[in-house]
Amino acid sequence: MRSSKTLIAALAFAGLTACADNSPKTFSGFITDASMNTVTVRALTDESTCTFATTAADKSDANGLLLGAPVTVDYTGKLKDGAAATKIATDPTYAEAVGKWTMPDPIAPEGVMGVEIMVEGAARSINMATLVYTSWELQGEADKILLKGQSLGNGQTIDFTQTGMIAKTADGNYTLTIEGTGTVYTKARQ
């Protein structure tokens, strides 16, 4: 009699264990909100979002959890708000790109000009009235971005795109080289 109860209890426990899905899973998207203990991610394929608990997650590849950054969240269990993330990784090029990039102004050497690259794809010119940066995006290749804007002058407005390459110099500074123009900006240290 006792052995049948033990067998039934063992089978019930095995059934409950089989129902719990703790296999590793991944959720990819874009960061829409981040706090000290959570990150909210909008899915790649639709507008749905999920908020993950990040307290115990490996954040070594999180790169600051900047808004708009492409992100991959590893988790176990069911996909639901509050699910515990086990690892969070963002595209390092996104974090490298965000900041103020300048060079000396050739007309006013005591001044600078350039571009400010902001989170969520926004960009703006720094001291350049005729070259107006408006947005940016990742190119899908490491250290490569696409800048967008408008060139104003002679009564015309012309939309433009520029490809920029980010590089880290030996002294730890970052440069942004605009392909085809010879323009090299240096990232302001924060």
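Predicted model: local features only at pLDDT ≥ 70, side-chain atom pairs only at ≥ 80, totals over all residues.
**Before you start.** Residues are numbered from 1 along each chain as its sequence is written. Local features need pLDDT of at least 70, side-chain atom pairs count only at pLDDT 80 or more, totals for chains, interfaces and linings use all residues, and side-chain values use heavy atoms, without hydrogens and water.

**Colour by pLDDT.** This is the predictor's confidence in each residue, from 0 to 100. The protein chain averages 89, and 89% of the residues score at least 70. Confidence is lowest in helix α1 (residues 2-19), with a mean of 43, and highest in strand β9 (residues 123-126), at 98. Over residues 1-19 the pLDDT is below 50, and this stretch has 0 contacts (heavy atoms within 4.5 Å) beyond near neighbours in sequence. Helices (H or I, at least four residues) and strands (E, at least two) are DSSP runs, numbered from the N terminus.

**Select residues 49-53.** This is strand β3. Cys 50 and Phe 52 form its covered face; Thr 49, Thr 51 and Ala 53 form the uncovered one. In a regular strand, side chains alternate between the two faces of the sheet.

Strand β2 pairs with β3 in the antiparallel sense over 5 bridges; pairing takes at least two DSSP bridges between strands. A hairpin through 5 residues joins β2 to β3. Pick Thr 38: its bridge partner in β3 is Ala 53.

Strand β6 pairs with β3 in the parallel sense over 2 bridges. Ala 53 has Ala 84 as its bridge partner in β6.

**Jump to Gly 172.** Gly 172 sits in the loop between β12 (156-168) and β13 (174-178). Gly 172 counts as partly exposed because its relative accessibility is 28%; buried is under 20%, exposed over 50%, partly exposed in between (1.4 Å probe, protein chains only). Now show Arg 189: the C-alpha to C-alpha distance from Gly 172 is 10.0 Å, across 17 residues in sequence.
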